[in-house]
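I opened the structure to look up a few helices and strands. My notes follow in the order I took them.

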Amino acid sequence: MSGEMDGRAQDHGRVYQTTGDQHITEHHHYGSYGPADMGGPDSVRRPAVGQTPVALRDRGEVLARLREGLTSGRGAEVYVLHGMGGCGKTAVAQAFFDIATGEYGRVGLWVNAADRATLRAGMLAAAADRGARDGELLAAHQGHRPAADLVWHHLDRSPEPWFLVLDNADDPAILRDGSWLRGSPRGTVLVTTRRAAARWWPGAELQHIGVLPREDAARVLCDLAPHSGTMEQATEVAERLGRLPLALTLAGGFLAHQVIDPWTMDLYGRRLEEDKAAELLDQGADVLAEEDPRHLVRRTWQLTLDSFEERGLPEPVSLLRLLARLAPEPLPLSVLNRPEIAALLPLPRTEAALRVLVDHSLTQLVDLGDLRCAHSHGVLLDTVAAATPPADLPQLNTTAVRLLDAAVPAIPAAGPYDPRLRLLAPHALALLRKTTEPSGTSDALAVATRLATALHRTGDYLSAWETAGAAAPLASRTLGEEHRLVLAAHARTGRSLFRLGRYEEAEPLLRRVRSTQLRLYGADDPDTLDTGQGLQLVLGNNGKREEAVALLRSVVAGRRAALGPWHPATLRSRVSLLAILTAGETATEAEADETFLSLPDACTQRLGPEHAVTLSARHNHARAQFVLGRYQLADDEIRRVVEDYQRVLGPGYPAVLAARQLHARTQAALGHQEAAVVLMAEVVAGRERALGPDHPFTASGRDLLKELRSGRWTPPRPPE
């Protein structure tokens, strides 16, 4: 913390907080001005934003760079502070205005550049301050003399160096059309704007002003409302507000001014979840008597959207309303580059619409590795969503779900980790939260469940569980707990819980879902069979092997009858039998079904050599050979399986570790003890990294490793 200044004797003032080169916030408190200076309260010599700060925290690099501009002697410096509405651009401009005038003796000039008339009047006032005569000013007012030339004539000849702020220059065309923005050897210019594109500011030094870091954002709330809660509670509220300075200011002001029934930060946080955030925040503006629309959350961005429509640009408004149906998280741009968006705006216009939003700091472009994404602030999206006409919601929701639907694989398949899938999850859940109509909810839930399946099959079990586990209760509010899609989402949750090693949670959930499906749809329904397939895995790993085998046999029979013997789902269940049966049972099954041990060939023929079911069939076939005592055949086969798993699914895929564990066992069975120990040690280390030290798979691997090292391990007895 730095820059503490005197002035706390006043009852009211402002507190600004900045961190690094981009994090600035402001706290608004209101009081009277001091003795009027030569220009009075409305003078161009005074920032037209209220009282000066009484404390400035963590000025950071941005203020250091501005100081450098004042002390370098270069002159003609133009700085542009850009960022979304409410991020504190004006706050840092005002803070440095005081530094420039107080510490460096500059003549301070402050002009509101929000519109042509206000800019013109302010700049002519600056010219008058710098010595322009009444006749010159009258000629400029009447259009007989170029006003900008008059202003800069006197600024360039100012006897004292000056510091000029052009605040709220959100329409750079206003500055460009009149040539109002220039550099001068006699002064420094600082512009605040929402327009981020460098093309608007040739020759200027641009500085982005963003949201506050986590700790500083929480401190803002504690500074303003110190008796409303702890730093931990303030952190939670600050995160919900996206650490946006304007939102923090309004929230803190509201909390600080509750008298009859004071709110806690916990209560405020709950109300943010229950109510429309924008409406609750703007109650803070009412408490603080804010009249400037830019200090109202619901209006600060609406001003920009209104300007789009006035200029005949409806597409950026439509695109932002679409983004407001999704989450305030990075959205891969590929989601927007799809024909499905044409129901809302023409696909060729999407690029231009996005560029407009980026240019006006309503959306940012962020790069996450090789993925380029659009990212919008949560409070902004909440505000836009609250202001969206209800009649537009069905089309917006339909377009959003179709875009997500097109981005998720139609038939999720096993494969390497795909970062795009995880990025889609918060958007699918946000759409579910915001959709209340049954058909829209069912469509959104179907996409979310398929996304969870796709995540699961890339080995990202945690994201799969989080997605399905959140989607099911969200949709059940509209569809009911016994809706087919809700039950399927619960079943998908149970499958991921199993993979996470949480057997005690997975088993009762899958039993409950299957029981409901049996009652509603019968034993041979595809959803009932699918849940049974997942449940048998849990039972088999939870010490209930006989029940698991019986259930799996019933699933195989049901899928044979409903789908045929060569359907991928049927083959998957038949392949599972290869993994669960003992040596005697495997031999018996092979005698009863002559195709049982030739499943890998059947899968290769029906599904292709690189299909996940085919690879699993080869893996489980190697295990069957192992339990039958055919150790060399098993070793040769599992070695090739490991290589193909790594090539097709990636080296980090979970099945690779399972296959390598079997390879360690075949090596030990063949007498290659040292090689088996090395392999198994690598498996345990990999599972500890991927699953954690307490996962059942990790624990069983450690036990096997101990047995191998001690020489106590013996292979299973083959059938006689």
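I began just after helix α29, where Gly-629 takes a positive phi of about 85°. This is a predicted model, so I keep in mind that every value here is computed from it.

I then went back to α29 itself, residues 612–627. At 1.5 Å a residue, its 16 residues should span 22 Å, and I found the end C-alpha atoms 23 Å apart, which agrees. I noted that 13 of the 16 residues of α29 are buried, so I put the helix down as mostly covered.

Next I looked up strand β7, residues 187–193. How many of its residues are buried? I found 7 of the 7, so β7 is largely enclosed by the rest of the structure. I checked both faces: Gly-187, Val-189, Val-191 and Thr-193 are buried on one side, and Thr-188, Leu-190 and Thr-192 on the other.

I looked for the partners of β7. Strand β4 (residues 77–82) pairs with β7 in the parallel sense over 6 bridges, with Val-78 opposite Val-189. Strand β6 (residues 162–167) also pairs with β7 in the parallel sense, over 5 bridges, and Phe-163 has Thr-188 as its bridge partner. I followed the chain from β6 through helix α6 (residues 172–177) to β7 and noted a right-handed β-α-β crossover.

Last, I turned to an open sheet of 3 strands, ordered β9-β11-β10 with antiparallel pairing. β9 (331–332) and β10 (364–368) are at the edges with a single partner strand each, so one side of each has no neighbour in the sheet. I saw 5 bridges between β10 and β11 (residues 371–375), and Leu-365 opposite Ala-374 in β11. Helix α19 (residues 419–434) packs on this sheet and touches β9, β10 and β11; its direction makes about 10° with that of β11.

How values were computed. Residues are numbered from 1 along each chain as its sequence is written. This is a predicted model: local features need pLDDT of at least 70, side-chain atom pairs count only at pLDDT 80 or more; totals for chains, interfaces and linings use all residues. Side-chain values use heavy atoms; hydrogens and water are left out. Two strands pair if DSSP finds at least two bridges between them. Helices (H or I, at least four residues) and strands (E, at least two) are DSSP runs, numbered from the N terminus. Contact means heavy atoms within 4.5 Å. Axes are lines fitted to C-alpha atoms, for helices over the stretch in contact, and angles run from 0 to 180 degrees between N-to-C directions. The expected span of a helix is 1.5 Å times one less than its number of residues. Buried means under 20% relative accessible area, exposed over 50%, partly exposed in between (1.4 Å probe, protein chains only). A crossover is right-handed if, with the strands pointing away from the viewer, the path from the first strand over the helix to the second runs clockwise.
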